[in-house]
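Please load the model in a viewer, with the sequence panel open beside it.

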Amino acid sequence: MTSTFPNISISTERLVLRPLDEDDVPALAAMMNDEQVGAWTDVPQPYTEDQARTWITEYAPTERTAGRGLDLAVTEFLTQRLVGLVQLAKTNWHIRSTELSYVTAPWARGEGYASEAALATAQWLLGDQKFERIEMHTAADNTASQQVAQKIGSISEGVLRNACIAHVRAEDGTWSDVRTDFIVWSLLPEDLDGAGEQLADTGGFTSFSDWN
């Protein structure tokens with residue numbers, strides 16, 4: 001029997017992480033068309049609103065119900081504005097392990113939103129959901145993503161040589177692939193002790209089993 005993630009809302013002092021909905025289509029498409037997202041992810045460029053709608057209405061629900069992963073919109077608590085995305089993928093329910101990644105909108109960078117959202121997700125996974133391992137892969141030159149992994153208490157386990165394809169955009173707007181290394185990070189339940197203090201005053205998380 002395949003395990004699945006519940007529909008979940010996770011709240012922190014500044015953020016609400018919730019399932020994506022169709023109202024997120026314009027903001028999601030705009031975020032995915034950012035050059036940094038194009039450089040460090042495999043999101044198609046350019047990224048259209050139709051692709052965003054397909055992700056929200058078809059891909060994300062299928063991944064969750066199949067037990068493979070979970071996509072959460074990261075929004076500002078006060079404005080409800082979409083600031084990013086947290087994604088769980090390649091979930092192994094037997095060993096209770098999953099891979100976590102995150103994307104932040106360009107206007108929201110530098111505010112600590114990615115680490116706040118990633119840590120809240122990790123606390124929910126390793127605490128409430130009784131997961132035993134969260135894994136993250138960051139490109140060797142993606143220092144911003146590496147800083148997020150460090151801030152939430154992740155341990156660097158090593159390098160997967162030549163395992164990542166990054167992307168570079170030329171002056172004419174075309175993209176080309178560049179091979180680089182992946183740095184592998186892991187987060188176990190015992191690693192959260194120190195990291196949790198960084199969000200000591202957050203509001204925790206709330207689960208809504210009938211979220212729609």
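## A buried serine as the point of entry

Select Ser154, which has a relative accessible area of 8% and therefore counts as buried. The model is a predicted one. Serine 154 belongs to the loop between helix 5 and strand 7. Leaving out residues up to four places away in sequence, display what serine 154 touches: Met136, Ala149, Trp185, Ser186 and Leu187.

Eight strands form an open sheet in the order 1-2-3-4-5-6-8-7, and the pairing is mixed. At its edges are strand 1 (10–11) and strand 7 (155–169); each has a single partner strand, so one side of each lacks a neighbour in the sheet.

Begin at the edge formed by strand 1. Two bridges join strand 1 to strand 2 (residues 15–19) in the antiparallel sense. Select isoleucine 10 and its bridge partner in strand 2, leucine 17. Then turn to helix 3 (residues 49–65), which packs on the sheet and touches strand 3 (70–76) and strand 4; the direction of helix 3 makes about 125° with that of strand 3.

Strand 3 and strand 4 run antiparallel and are joined by six bridges. Here threonine 75 is found opposite leucine 82 of strand 4. In the hairpin of these two strands, with five residues between them, select glutamine 80, whose positive phi is near 65°.

Colour strand 4 by accessibility: eight of its 11 residues are buried, and the strand is mostly covered. With strand 5, strand 4 pairs in the antiparallel sense over seven bridges. Four residues separate the two strands in their hairpin, and arginine 96 in the turn has a positive phi of about 55°.

Remain on strand 5 and select threonine 104. Threonine 104 is buried, with a relative accessible area of 15%. Apart from residues up to four places away in sequence, threonine 104 touches Met31, Val83, Gly84, Arg109 and Ala114.

Move to the other end of the sheet. Strand 6 and strand 8 run antiparallel, joined by six bridges, and alanine 139 stands opposite phenylalanine 182 in strand 8. Strand 8 also pairs with strand 7, in the antiparallel sense, over 11 bridges. Valine 168 has serine 176 in strand 8 as its bridge partner. Five residues lie between strand 7 and strand 8 in their hairpin, where glycine 173 takes a positive phi near 90°.

## The nonpolar cores

Which residues have the most contacts inside the largest nonpolar core? Select Phe5, Leu17, Leu100, Ile134, Met136 and Leu187; the core has 35 residues. Two or more residues each come from strand 2, strand 3, strand 4, strand 5, helix 4, strand 6, helix 5 (143–151) and strand 8 (175–187). Helix 4 gives the largest share, 10 residues.

Now centre the view on leucine 17. With neighbours within four places in sequence set aside, leucine 17 is in contact with Ile8, Ser9, Ile10, Leu72, Ala73, Val74, Val86, Ala117 and Thr121. Another core, of 18 residues, lies apart from the largest one and includes Leu28, Met32, Ala52 and Leu85.

## Aromatic rings

Show the aromatic side chains. The whole structure contains six aromatic pairs. In one of them, tyrosine 47 and tryptophan 55 are edge-to-face, with 6.4 Å centre to centre and 80° between the planes. Tyrosine 47 is buried at 6% relative accessibility, and tryptophan 55 is buried at 12%.

Select tryptophan 93 and phenylalanine 131 next: the ring centres are 5.2 Å apart and the planes stand at 70°, so this pair is edge-to-face. The pair links distant parts of the chain, 38 residues apart: tryptophan 93 is in the loop between strand 4 (82–92) and strand 5 (97–104), and phenylalanine 131 is in the loop between helix 4 (113–128) and strand 6 (133–139). Tryptophan 93 is buried at 17% relative accessible area, as is phenylalanine 131 at 0%.

End the tour at arginine 81, whose charged end sits over the ring of tryptophan 107, 3.7 Å from the ring centre.

Note on methods. Residues numbered from 1 in each chain as written. Heavy atoms only, no water. Phe/Tyr/Trp six-rings, centres within 6.5 Å; stacked < 30°, edge-to-face > 60°. Buried < 20%, exposed > 50% of the residue type's maximum accessible area, 1.4 Å probe, protein only. Lys NZ or Arg CZ within 6 Å of the ring centre and 35° of its normal. Contact = heavy atoms within 4.5 Å. Pairing = 2+ DSSP bridges. Axes fitted to C-alpha atoms, helices over the stretch in contact; angles between N-to-C directions. Core = buried A, V, L, I, M, F, W, Y, C linked by side-chain atoms within 4.5 Å.
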